[in-house]
Amino acid sequence: MLSLDPPERNREFAASIGAAFPLLTADVDTARAYGVLAPNGKYTMRWTFFIDGDGVVRRIDKDVEPASHGPDLVRALEELGLAND
């Protein structure tokens, strides 16, 4: 997950949801390069990038449903064989 929020806020959010993966802080140029910068430039769209241990983007979920994202995330990691990376 990539966010324009500062690192400390991302760490706090990750801890609050029990995330075992990093939430990346990016600047506007990086968000734009990933294609996730919202049209107004104030936030990133809810896309999830699945990146393997070699840094290869294996899947991009552009249709994130916040209410079911936890189980959706686990299922996708398992499907991609990334659950233990």
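What share of the contacts with a separation of 6 or more comes from residues 24 or more positions apart? I looked this up first, bearing in mind that the model is predicted. My note says 28% for this chain.

**Fold.** I went through the secondary structure next and noted three helices and four strands. Reading along the sequence, I wrote the pattern down as β-α-β-α-β-β-α.

**Inside.** I checked burial: 27% of the 85 residues count as buried. Then I went looking for nonpolar cores. The largest one has seven residues, and I listed them as L2, A26, A31, V36, L37, W47 and F49. I picked L37 from that list and looked up its contacts, skipping neighbours within four places in sequence. I found L4, V28, A31, R32, Y43 and M45. A31 turns up here as a contact of L37 and is also a member of the largest core. Apart from that core lies another, of five residues, and I jotted down F50, L73, L80 and L82 as being among them.

I have the accessible surface at about 5900 Å², with 52% of it belonging to carbon and sulfur atoms. For the charges, I counted 9 positive and 14 negative. Their mean positions are 5 Å apart.

Methods: Residues numbered from 1 in each chain as written. Predicted model: local features only at pLDDT ≥ 70, side-chain atom pairs only at ≥ 80, totals over all residues. Heavy atoms only, no water. Helix = DSSP H or I, 4+ residues; strand = E, 2+ residues; numbered from the N terminus. Buried < 20%, exposed > 50% of the residue type's maximum accessible area, 1.4 Å probe, protein only. Contact = heavy atoms within 4.5 Å. Areas by Shrake-Rupley, 256 points an atom, 1.4 Å probe, with all protein chains shown as cover. Lys, Arg positive; Asp, Glu negative; His and termini not counted. Charge placed at Lys NZ, Arg CZ, Asp CG, Glu CD. Core = buried A, V, L, I, M, F, W, Y, C linked by side-chain atoms within 4.5 Å.
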